[in-house]
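Me: I am new to this structure and would like to understand the words used for it. Could you walk me through them?

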Amino acid sequence: MSYNSAFQQQASGNEGFHLPIGGFLKQSFSDYPGRVAAVLFTRGCNFRCVYCHNPELVLPDLLRHSKPYEVKGILAWLLSNSSFLDAVVITGGEPTLHPSLPEFIRQIKSLGLEVKLDTNGTNPQMLEVLMSEKLVDYVAMDIKSVLDHQKYASVCGECFTETMLDAVERSLALLHEAVIDCEIRTTLLGSHHTEKDITELIRLVRIPYFLQECNSLKTLQAVVGKKLGREEIAELMESLEPKGGNVCLR
Ligand code: SF4
């Protein structure tokens with residue numbers, strides 16, 4: 001049996017295998033550094049970030065109006081197009097909420113594609129499995145604010161618990177020790193992140209760290225108060241001590 005037909009057989013046996021996918025971008029040049037990647041968006045999230053630009057993947061009322069993509073169809077498409085791709089980016093929503101994620105990634109890896117995972121860091125157990133089994137080649141994790149329950153909850157909603165804060169800290173520690181490519185990102189809001197917070201964050205993160213502006217026209221909640229634009233963030237980074245050689249503006 002050829003490799004492809006073996007995979008097709010595997011893919012067609014996946015009717016009972018559910019990873020709820022709510023969005024699919026066939027080709028992206030910007031979601032995985034240096035790679036041409038397909039991007040899959042999983043449905044559902046345990047956060048409610050003020051600036052979330054994918055509320056249709058997060059809010060149950062909006063999710064009710066759409067149907068998940070067929071996993072089988074997506075795997076079949078990836079199989080047919082794997083020679084045009086280097087990688088698959090799995091983002092969300094929050095992909096690590098879904099216990100079927102490792103199995104899904106195994107299927108992608110069997111096509112010879114690299115995998116980048118975007119996560120909010122609330123499932124360190126799954127991160128550990130994915131990294132130890134070499135199922136991910138790149139992990140990008142969001143840090144929403146300094147590691148303080150109230151501050152974090154002000155960005156990602158009242159659903160944020162102390163347990164989640166511990167989980168985020170554990171995920172950050174895992175990424176600090178990881179042997180694969182990893183990055184941390186923070187979207188800055190003038191209303192939520194003070195200069196002191198940003199300085200503390202820069203001290204906290206020891207791997208590539210990207211500060212980014214909130215530039216979405218569509219957000220989960222109305223973003224009120226002062227926004228921080230790219231120029232302001234750049235000026236702020238210039239004025240801060242420590243500068244942090246690992247910190248970039250995105
Ligand atoms: S921005 Fe926040 S609410 Fe939106 S998908 Fe990411 S973690 Fe979830």
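Reply: Happy to! In this predicted model, the largest pocket has a volume of about 1,000 Å³. His 53, Asp 118, Asp 142, Arg 185 and Gln 212 are the closest to its centre among the 35 residues that line the pocket.

Me: What makes a residue part of a pocket lining?

Reply: A lining residue has an atom within 4 Å of a pocket point. Strand 2 (37-42), strand 4 (114-119), strand 6 (181-188) and strand 7 (209-213) each supply at least two such residues to the largest pocket. That lining divides into 11 nonpolar, 12 polar and 12 charged residues.

Me: Which elements give two or more residues to the lining of the second largest pocket?

Reply: They are helix 5 (124-132) and helix 7 (162-177), and helix 5 gives the most, with 3 residues. The second largest pocket holds about 160 Å³ of space, and Lys 134 is one of its lining residues.

Me: Why is Lys 134 called exposed?

Reply: Exposed means over 50% relative accessible area. Lys 134 has 65% relative accessibility, so Lys 134 counts as exposed. You can find Lys 134 in the loop between helix 5 and strand 5 (138-142).

Me: Which peptide bond is cis?

Reply: The one from Gly 92 to Gly 93 is cis, with omega near 15°. Most peptide bonds are trans. Gly 93 sits in the loop between strand 3 (87-91) and helix 4 (101-109).

Definitions and conventions
Residues are numbered from 1 along each chain as its sequence is written. This is a predicted model: local features need pLDDT of at least 70, side-chain atom pairs count only at pLDDT 80 or more; totals for chains, interfaces and linings use all residues. Side-chain values use heavy atoms; hydrogens and water are left out. On a 1 Å grid over the protein atoms alone, a cavity is a set of points where a 1.4 Å probe fits but cannot get out, and a pocket is an open set with protein on both sides within 12 Å along at least five of seven lines; lining residues have an atom within 4 Å of a point. Grid points are joined across faces, edges and corners, and a volume is the space filled by probe spheres set on the points. Helices (H or I, at least four residues) and strands (E, at least two) are DSSP runs, numbered from the N terminus. Ala, Val, Leu, Ile, Met, Phe, Trp, Tyr, Cys and Pro count as nonpolar, Asp, Glu, Lys and Arg as charged, and the others, Gly among them, as polar. Buried means under 20% relative accessible area, exposed over 50%, partly exposed in between (1.4 Å probe, protein chains only).
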